Amino acid sequence: MSQPVATTFFDLLDRYDAILLDAYGVLVDLSGALPGADAWIAELNRRGKPYWLASNTAARLPESAARRYQGFGLAIPAERILSSGMLLKPCFEAHGLVGKRIRVLGPEDSRRYAELAGGTVVEAGAEFDALVLADQAGFPFLESVDEVLSALIDKFDAGDVVPMILPNPDLVYPTGRGCGITSGAVAVMLEAALRQRYPGRPGLEFIRLGKPWPGLFEAAVRLAGSRNVVMVGDQLDTDIVGATRFGIDSALVPSVLTGNRRALGGVEPTYVLDMAKRQ
Ligand SMILES: [Mg+2]
């Protein structure tokens, strides 16, 4: 295996037809834009370079996300934002969930994603046909997770099949002060509880949509009209492993999440970005 090459973000712009950017840990954290992110976006916009955010989130619609980024000084238009929430539509179509009753855990935009995908979003406590665990925030956490777990157990006890969908499989994200748990970690917890009750039963796993699965990479390559694209991300498990499996290059932004790790399960990024030269 070759060693990842140290390079800068600006060097990547000449080598690729399009740039895919992760959001959290690359451009922003909870508190605002990360140092130098404004210069990256300004240069992409100035050059007219094709770029897309490929973000594991179903918590904000592209328009809401664009407004938030603009508030952080990042001029990212909504049409440049690809989110794993947008993958709910093909997922609902593939699993026959259009028109079905959907329980959504997440903020208001998560519910909108489920509606835009063709689902009928139901309130807490109501009967549902499928669960979308869209985000870890935007709802009373313990009460909602307990309610959903209890409802799933009632349904599984009755022999029902209940699709459980996880647009954002990330386990952790950088909060700006450290690490926080993400919806993927909540899914792992629910899966463990269900596996304990129904050992060996199939159908207890969430359907995972975002990176490292191929949906966002497929969408980006389709829009770019080229496979000569590079994924810039801070998570080995999602950004780097996902890009590598999909067959495109990747650039790791070292962050609190990667620490000193530079490879995972034999997968290494093509590049490691020199963040000292970020600004
Ligand atoms: Mg990230």
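How many bridges join strand β9 to strand β10? I looked this up and found two, between β9 (residues 130-133) and β10 (residues 164-166), which run parallel. My strands are DSSP runs of E with at least two residues and my helices are runs of H or I with at least four, numbered from the N terminus. I call two strands paired if DSSP finds at least two bridges between them.

A note on the source: this is a predicted model, so I kept local features at pLDDT of at least 70 and side-chain atom pairs at pLDDT 80 or more, while totals for chains, interfaces and linings use all residues. Residues are numbered from 1 along each chain as its sequence is written.

**The sheet.** I read the strand order as β8-β7-β9-β10-β13, an open sheet of five strands with parallel pairing. β8 (120-122) and β13 (207-208) are at the edges with a single partner strand each, so one side of each has no neighbour in the sheet. I also noted Leu131 opposite Met164 in β10.

**The domains.** I found 14 residues of domain 1 in contact with 12 residues of domain 2, where contact means C-beta atoms, placed from the backbone, within 7 Å.

**A cis peptide.** I then checked Lys211 and Pro212, which are joined by a cis peptide bond with omega of about 10 degrees. Pro212 sits in the loop between β13 and α8 (215-224).

Technical notes: Two residues are in contact if their C-beta atoms, placed from the backbone, lie within 7 Å.
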